[in-house]
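Thanks for coming, everyone. Let me put the structure up, and then I will walk through it.

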Amino acid sequence: MSYKGIIARYAEVPGGIIEAFHAVEKEFSFLPEEAIAEAARVFKVPAAEAYGVASFYSMFSTETRGKNIIRLCESAPCHIAGAAEVVAALEKELGIRMGESTNDGLFALEFTECVGQCQATPVITINSKPYLDVTPDIIPNILAEYK
Amino acid sequence: MINVTIDGIKTSVPEGSTILKAAESIGVKIPTLCNHPDQAVKGNCRVCVCEVEGSRLLSAACVMPVWEGMAVKTRTPKVVEARKTILELILSNHPQDCLNCIRNQNCELQTLAEEYFIRDNPFSQKTRGMAKDYSTPALFRDPDKCILCRRCVEACSVVQSVNALGLDQRGHHAMVVPTMGWDLIDSPCVMCGQCIHACPVGAIGEVEEIDRLLAAIADPDTVVVTQIAPAVRVAIGEEVGLATGDMPMDVFAAGLRQIGFDYVLHTNFTADLTILEEGNELLKRLQEGGTLPMFTSCSPGWINFCETFYPDLLDNLSTCKSPQQMFGALAKTYWAEKSNIDPAKIYSVSIMPCTAKKYECSRPEMNDSGFRDVDLVLTTREIGRLFRMSGIDFDKLAGSHFDSWMGAYTGAAVIFGASGGVMEAALRTVYEVVTGQTLENVNFEVTRGIQGIKEAEVDLNGTVVKVAIANGLSNARQLMDEVRAGTSPYHFIEIMACPGGCIGGGGQPITKSNAKRVERINQIYVEDEACEIRKSHENPEVKAIYEEFLHEPLGHQSHHLLHTHYTAKNKKVL
C-alpha cells in the first residue's frame with residue numbers, strides 16, 4: 001500500500017499523525033520525507049512540525065533502514081548479563097555495526113531502552129517480538145527466521 | 001493582588017505573575033536567556049533560577065507563579081553557583097570564537113558570561129561541528145552556536161506563521177533545523193530575518209557583504225551610488241551609540257560620503273514615486289473592475305510569503321516594484337542620463353532595514369535598466385559596522401545635502417518605514433487626485449501604530465474605500481485567508497512582513513522587544529511632521545521625472561521600468 005493510502009486511514013483520528021507514522025513504518029520500516037510531508041498536509045500541521053514529531057520518537061526513523069529491525073536492550077540488567085557479547089555476535093553475523101542496516105535491506109541493528117523482560121536477560125526484539133536469554137550461539141537460528 | 005517579598009523588598013503583584021515579572025516590577029534584575037518579552041514562556045535554559053523560602057529546589061523565575069506570602073531570594077550563593085554552572089554547561093558546547101562572531105558585544109550569552117565572571121570552565125569544550133548554512137542570499141545559520149532557546153522557532157511560527165524552523169530529535173541530540181533538516185533555501189523561509197532578532201546569540205545572521213562595497217569604493221572606475229530606505233535613519237543611531245531617531249538625515253548622508261559613496265540619493269524618492277504609480281493603479285482597478293483587494297508590494301518578505309503560501313492571490317499584488325527596485329531601475333537609466341554618467345560604471349548600493357531585500361535585488365527579472373538594477377544591499381547593521389570601523393564622530397560631523405534628481409522626498413515617503421505608512425501616504429495622494437480638493441489634515445491616525453491589523457474607511461467623492469493594514473505575517477495570513485475565502489470587505493490592503501513594519505525589519509539593529517519598535521515608529525512620525533512637503537505628488541523631483549522621463553503614471557516607461565510580475569514559489573513542502 002502507498003504511504004498516501006496508509007496516512008489517509010488515520011486522517012480522522014485526533015492526533016492520528018503518530019499512529020499514521022507507525023503504520024507507515026510497518027510498511028516501509030522508516031518514514032520517507034514524502035510521507036512526512038503528506039502527513040503534514042493531511043493533519044494540517046507545518047512540515048517542520050511533522051518532521052519534529054518524526055524525529056522526536058526513537059521508534060521512528062527518518063533514514064532508510066532494513067526491513068527487520070533488531071533492537072538490543074542497552075539497560076543495566078542486560079548489560080550485566082552479557083549484552084556486549086550479543087552485540088558482537090549480531091555485528092559479526094550481519095556484517096554491520098550497531099545503528100546500521102544490511103546491504104540487502106533485510107536487517108537493521110539498533111539499541112533500545114529496557115523492554116521489560118528483565119527476568120530473562122539479555123533480551124533482543126525483532127519487529128517488536130522479544131527473544132529471551134539470548135546467547136551468541138543462538139543468534140544464527142534466530143536470524144534464519146527472517147531470511 | 002498577591003503579596004510577595006523579593007530580596008527583602010515587599011511588593012504586591014497581580015495574581016498569575018511569575019517571579020520574573022514580580023522582580024522586574026521592583027527593579028530586581030534576574031538573568032534570562034530563553035525568555036523573550038514578547039513571546040511565550042519557554043523555561044528551558046534555567047539561568048533565571050532563584051531560591052524560594054520553604055522549597056528544597058531552586059525555581060525558574062520565568063515560569064514559577066508567585067503565591068501569597070512567597071519569599072524569594074535572587075542573589076544567594078546557592079543561586080549564583082547554580083547559574084554559573086548552567087552558564088558553564090551551555091558554554092561547554094558553544095563555540096568560543098566570540099571575537100569572530102557577528103554578535104560579538106551584542107550577545108546575551110556573552111553578556112551573562114561576563115556578568116557571572118566565567119573564567120576557567122571546568123567542563124571540557126565540545127561542539128557538534130555542524131556545517132554553517134549559507135544557502136540563502138540573505139540569511140546564514142550557524143547551528144553550532146544554537147543554545148536551543150527556541151525563540152527563533154516561535155518568531156518563525158507564531159509571529160510570522162512561516163514555520164520554516166522546527167526541532168530535530170530531542171534531549172541531548174536536539175537541534176533547531178529548517179523544515180525536514182534541509183538547507184534553509186529549501187524550507188518555506190521568506191528571509192524576513194525576524195529569527196535574527198529573536199536569537200540571543202550568533203546562530204542566525206545576515207549574509208554580510210561589506211567587503212563587496214569596499215572593493216567597489218576602492219575601484220576608481222566605479223561610481224558608487226547609494227539609496228537609503230525610510231526606516232534606516234530612525235534606527236542607525238542605535239548602532240553608533242546614539243538614541244533611537246537621534247541621527248539627523250543630513251549627518252547620516254555626510255557619514256556615507258565619509259565612507260566613500262560617490263553619490264548619496266534616497267529610496268524615499270522612489271517611495272513617493274511608488275505612491276503615484278500604486279495610487280493610480282488602485283484607482284484604475286477600482287474604475288475598471290480590476291482584481292481587488294489590491295495588496296501593496298513594497299515588502300520583499302511579504303512578496304516571498306505571498307508567492308510561497310498564496311500563489312493563487314498573486315493577481316491581487318500591485319504590479320509596482322518595491323521602492324528599492326524602482327530606484328535601481330531608474331538609477332542606471334534616468335539618473336545616469338541626467339548626471340551624464342555611463343550606467344555601466346554605476347555600482348548601485350541600497351541601505352535597507354531588511355534582509356529579504358538582499359534576495360530581492362538578486363531576482364533574475366530585476367534587470368530592466370539593461371544591467372542588474374541594484375548591485376548590493378547592505379543592512380542597517382552592516383552600515384553601523386562600517387560607521388564604527390570608520391571611526392566617524394557624528395557629533396562633530398557637518399551635515400550634507402542629498403544629490404540631485406533622486407534625492408528629494410516628502411513626509412509621505414518617510415512614513416513608508418512604519419506599518420500603515422504606505423496606506424497613509426497613498427490616501428494623502430489618492431484623496432487629492434480623486435476629489436480635486438486639498439487635504440487639510442494629512443494625518444490619518446487610524447492607520448498608525450504597531451497593532452497587528454488595522455482598518456479604515458475613506459470617502460472619496462461618495463465612493464467609500466475600505467482599507468486594511470497588517471504587520472507581521474501571521475496577521476497578513478488572517479487577511480489573506482479572508483481574501484481566499486471571498487469574504488474580504490477591503491479594496492486595498494497594506495502588508496509589511498515585519499512586526500511594526502520596516503522599522504522592525506530583519507536588517508535593523510538587534511531589536512530585543514516590540515517596545516523598541518514602538519519607539520522607532522514614534523520617531524518616524526516626528527520626522528514626517530518636520531517635513532515641509534508631506535504629500536508624494538508634491539515632491540518636485542517626482543514632478544520633474546514625470547515631465548521629463550516617465551510622462552505619466554502607469555505609462556509606457558513606467559510599465560517597462562517600475563512594474564513587475566510575480567511567480568509562485570512552488571516549495572516542495574510548507
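In chain A, the C-alpha centres of domain 1 and domain 2 lie 28 Å apart. Domain bounds here come from an automatic or database domain assignment. For chain A that gives domain 1 as 3–56 and domain 2 as 68–144.

Some housekeeping. This is a predicted model: local features need pLDDT of at least 70, side-chain atom pairs count only at pLDDT 80 or more, and totals for chains, interfaces and linings use all residues. Residues are numbered from 1 along each chain as its sequence is written, while chains are lettered from A and ligands numbered from 1 in the order in which they are written.

Stay with chain A. The C-alpha trace spans about 50 × 30 × 20 Å along its principal axes. Chain A has seven helices and four strands. Both are DSSP runs numbered from the N terminus: helices are H or I, at least four residues, and strands are E, at least two. In sequence order the pattern is α-α-α-α-β-α-α-β-β-β-α.

How many of the 147 residues of chain A count as buried? The share is 32%. Buried means 20 or more other C-beta atoms within 10 Å of the residue's own; exposed means 12 or fewer, partly exposed is in between, and C-beta atoms are placed from the backbone. Now contacts: two residues are in contact if their C-beta atoms, placed from the backbone, lie within 7 Å. Take the contacts in chain A between residues at least 6 apart in sequence: 56% of them join residues at least 24 apart.

On to chain B. Domain 1 covers 2–90 and domain 2 covers 211–561. Their C-alpha centres are 43 Å apart.

Where do the chains meet? On the chain B side, 13 residues are in contact with twelve residues of chain A. That side of chain B has six nonpolar, five polar and two charged residues. For the classes, Ala, Val, Leu, Ile, Met, Phe, Trp, Tyr, Cys and Pro count as nonpolar, Asp, Glu, Lys and Arg as charged, and the others, Gly among them, as polar.

Next, the sheet. Four strands of chain B form an open sheet, ordered β11-β10-β13-β14, with parallel pairing. Why is one side of β11(B) and of β14(B) left without a neighbour? These two, at 263–266 and 376–379, are the edge strands, so each has a single partner strand. Neighbouring strands are turned by 25 degrees against each other on average, direction ignored. Axes are lines fitted to C-alpha atoms, for helices over the stretch in contact, and angles run from 0 to 180 degrees between N-to-C directions.

β13(B), residues 346–352, pairs with β14(B) in the parallel sense over four bridges. Pairing requires that DSSP finds at least two bridges between the strands. Ile351(B) stands opposite Leu378(B), and Met352(B) stands opposite Thr379(B). In a regular strand the side chains alternate between the two faces of the sheet. In β14(B), Leu376(B) and Leu378(B) point one way, Val377(B) and Thr379(B) the other, and all are buried.

What lies across β10 and β13 of chain B? That is helix α11(B), residues 323–339, running at about 150 degrees to β13(B).

Now the cores. A nonpolar core is a set of buried Ala, Val, Leu, Ile, Met, Phe, Trp, Tyr and Cys residues joined through C-beta atoms within 7 Å. The largest has 185 residues, and Ile36(A), Ala39(A), Ala61(B) and Cys152(B) touch the most other members. Helix α11(B) gives this core its largest share, eight residues. Another core, of 16 residues, lies apart from it and includes Phe107(A), Ala108(A), Val134(A) and Ile139(A).

One last stop: Pro188(B), in the loop between β8(B) (175–178) and α5(B) (194–198). Is Pro188(B) buried or exposed? Pro188(B) is buried, because 25 other C-beta atoms lie within 10 Å. Beyond four places in sequence, its contacts include Val162(B), Thr308(B) and Leu574(B). Pro65(B) is 123 residues away from Pro188(B) in sequence and 37 Å away in space, C-alpha to C-alpha.

That is the tour. Thank you.
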